[in-house]
Number of protein chains: 2
Amino acid sequence: METPVESTRERLLNVAEQRFGEGGYEGTSLRAITVAAAANIAAVNYHFGSKEALLRAAVARAMAPVNTERRRRLDQLEAGGLPTPEQLIRAFIEPGLELVLRRGERGAVVARFIGRIAFDPSQRIRELYAAESDPIEKRYLAALQAALPRATPEAVAFGYVNMLGLLALHQSQALSRAPGVTEPEDPGTLAENLIAFLVAAFDRGLRS
Amino acid sequence: METPVESTRERLLNVAEQRFGEGGYEGTSLRAITVAAAANIAAVNYHFGSKEALLRAAVARAMAPVNTERRRRLDQLEAGGLPTPEQLIRAFIEPGLELVLRRGERGAVVARFIGRIAFDPSQRIRELYAAESDPIEKRYLAALQAALPRATPEAVAFGYVNMLGLLALHQSQALSRAPGVTEPEDPGTLAENLIAFLVAAFDRGLRS
DNA sequence: CTCCAGTTCAAACGACCGTTTGAACTATGC
DNA sequence: GCATAGTTCAAACGGTCGTTTGAACTGGAG
């Protein structure tokens, strides 16, 4: 029996992403995770300390590249003068959908995990996600405000949470139940559709 | 000790709405519900049969007036010729936010319950909600398609699920964690903001 | 009063939960 | 070889879960 390329710790994180994304935090047991990861039940508390700490580690790992890419794009945009609303929306949506959906099977798993956790029923879990995406939030909001000078700060914030919510919804694939809707379209197309939808809403749908 | 005006069955439904809306289905135990409802733990299985049947009954009761109002508005609109997109969006959003948020404390509880269940982590639960709102869905989509002749059916369906998701998000109050956002605004204002947001997106943000 | 269907009750069922324990295994440094 | 730190293991901990049981209570009909 050869040693697996992935460490127990990595396998736990991978399976946690998948299972938490499928059944939510409360609906997924550590035993289900450890069995699927071919690990002992005690491995979770050895490597992470608790179920919630495992989730926290998984969220941090999943969000890191998204945050990095968003920061990079924001830097780049602000270096080139005043960004347009579309540029800012694109800089937010694409790292969440594209960067994560483009990398095949695992990308979709990660996206669903993030989308699910972002709007978990438990406020405790939601705050755990929020803490991970908070750093760029203020900066992003300020840029959005500058790009939409006619809209009030409250209106811009309203648009932002709507964008956040719609992204999470599409990431979590929770709307595949819709009528006559064949959601699993090309990730790129989905991103373009969502961006167009949001650009129109930000451009003409916010309180002045 | 006077007999309560509400029956055990009604108290169970009321508390179920509240608790399921707070913690989600998996995160809420029957014991928590029955204690808060001052009922015996066995009362749930006596009156409803199971935890899931209790949820189903609560969803049906909560959705009934919303569905009725949406149907009424759709009837009224279609009787007066071709409705505009804004009229259709209004006919969908307002019964979900207004009709339910206007009736004070309990309305907000019902709204949060519906919003939470609509995007529960478990697909089983989501389907349970979908079954309850399905009846008008096809009819509504057809009207929306007629009002937006330039958009493809796929684009209209895309807009519809976005509308559905944003409504559920605001109903569930899951975005109160946002930055500098003081979400608990007047329900009427929230409805107007959301409608304006969606009208702009439907009008100019869909694939032709 | 008796009867009976409807309802409530305390108690227990087996199953599963997250967590902990202490021994067993593994690999590396001396 | 031996010691040692890191990791994995089976087993069990107390607690909570949804559900079931059978007896006790309730209020009206005959």
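Biologist: Where does Gln173(B) lie in chain B?

Modeller: The model is a predicted one. Gln173(B) belongs to the loop between helix 8 and helix 9 of chain B, and its place is just after helix 8.

Biologist: What makes the phi of Gln173(B) worth a remark?

Modeller: The angle is positive, about 60 degrees, although the residue is not a glycine. Most residues other than glycine have a negative phi. Ala38(B) is a further case, with a positive phi near 55 degrees in a residue that is likewise other than glycine. Ala38(B) is found in the loop between helix 2 and helix 3 of chain B.

Biologist: How do you know that the span of helix 8 of chain B agrees with its number of residues?

Modeller: The expected span is 1.5 Å times one less than the number of residues. For the 20 residues of helix 8 of chain B this gives 28 Å, and the end C-alpha atoms are 28 Å apart, so the two agree.

Biologist: What makes helix 8 of chain B largely enclosed by the rest of the structure?

Modeller: Of its 20 residues, 18 are buried, and the helix is therefore described as largely enclosed.

Biologist: Which residues touch the most other members of the largest nonpolar core?

Modeller: That core has 126 residues, and the ones with the most contacts to other members are Ala16(A), Val156(A), Ala16(B) and Val156(B). In soluble globular proteins, nonpolar side chains tend to be buried together. Beyond its neighbours within four places in sequence, Val156(A) is in contact with Leu141(A), Leu144(A), Gln145(A), Leu148(A), Ala151(A) and Leu206(A).

Biologist: Why is the relation between chain A and chain B that of a two-fold axis?

Modeller: Chain B is superposed on chain A by a rotation of 180 degrees, with 0.0 Å of shift along the axis and an RMSD of 0.0 Å. That is the relation of a two-fold axis. Within chain B, Ala201(B) has the C-alpha nearest the axis, 2.3 Å from it.

Biologist: How do you know that the copies meet through the same surface?

Modeller: The interface residues of chain B are 100% interface residues in chain A as well, so the surface is the same. The contact involves 39 residues of chain B and 39 residues of chain A. On chain B, helix 7 (123-147), helix 8 (153-172) and helix 9 (187-204) each supply at least two residues of the side that touches chain A. That side has 19 nonpolar, 10 polar and 10 charged residues.

Biologist: Which residues come nearest to DNA strand D, and which to DNA strand C?

Modeller: Around DNA strand D there are 16 residues, of which Thr8(A), Asn40(A), Ala42(A), Ser29(B) and Ser50(B) come nearest. Helix 2 of chain B gives the most to that surface, with three residues. By class the surface near DNA strand D has nine nonpolar, five polar and two charged residues. Around DNA strand C there are 16 residues, and Ser29(A), Ser50(A), Thr8(B), Asn40(B) and Ala42(B) come nearest. Helix 2 (30-36) of chain A and helix 3 of chain B each give two or more residues to the surface near DNA strand C.

Biologist: Why is Ala36(A) called partly exposed?

Modeller: Ala36(A), in helix 2 of chain A, has 15 C-beta neighbours inside 10 Å, and therefore counts as partly exposed. Outside four places in sequence, Ala36(A) is in contact with Val15(A) and Arg19(A).

Notes
Residues are numbered from 1 along each chain as its sequence is written. Chains are lettered from A and ligands numbered from 1 in the order in which they are written. This is a predicted model: local features need pLDDT of at least 70, side-chain atom pairs count only at pLDDT 80 or more; totals for chains, interfaces and linings use all residues. Two residues are in contact if their C-beta atoms, placed from the backbone, lie within 7 Å. Helices (H or I, at least four residues) and strands (E, at least two) are DSSP runs, numbered from the N terminus. Ala, Val, Leu, Ile, Met, Phe, Trp, Tyr, Cys and Pro count as nonpolar, Asp, Glu, Lys and Arg as charged, and the others, Gly among them, as polar. A residue is near a molecule or strand if its C-beta atom, placed from the backbone, lies within 6 Å of it. A nonpolar core is a set of buried Ala, Val, Leu, Ile, Met, Phe, Trp, Tyr and Cys residues joined through C-beta atoms within 7 Å. A residue is buried if 20 or more other C-beta atoms lie within 10 Å of its own, exposed if 12 or fewer, and partly exposed in between; C-beta atoms are placed from the backbone. Copies are superposed by least squares on the C-alpha atoms of residues with pLDDT of at least 70 in both.
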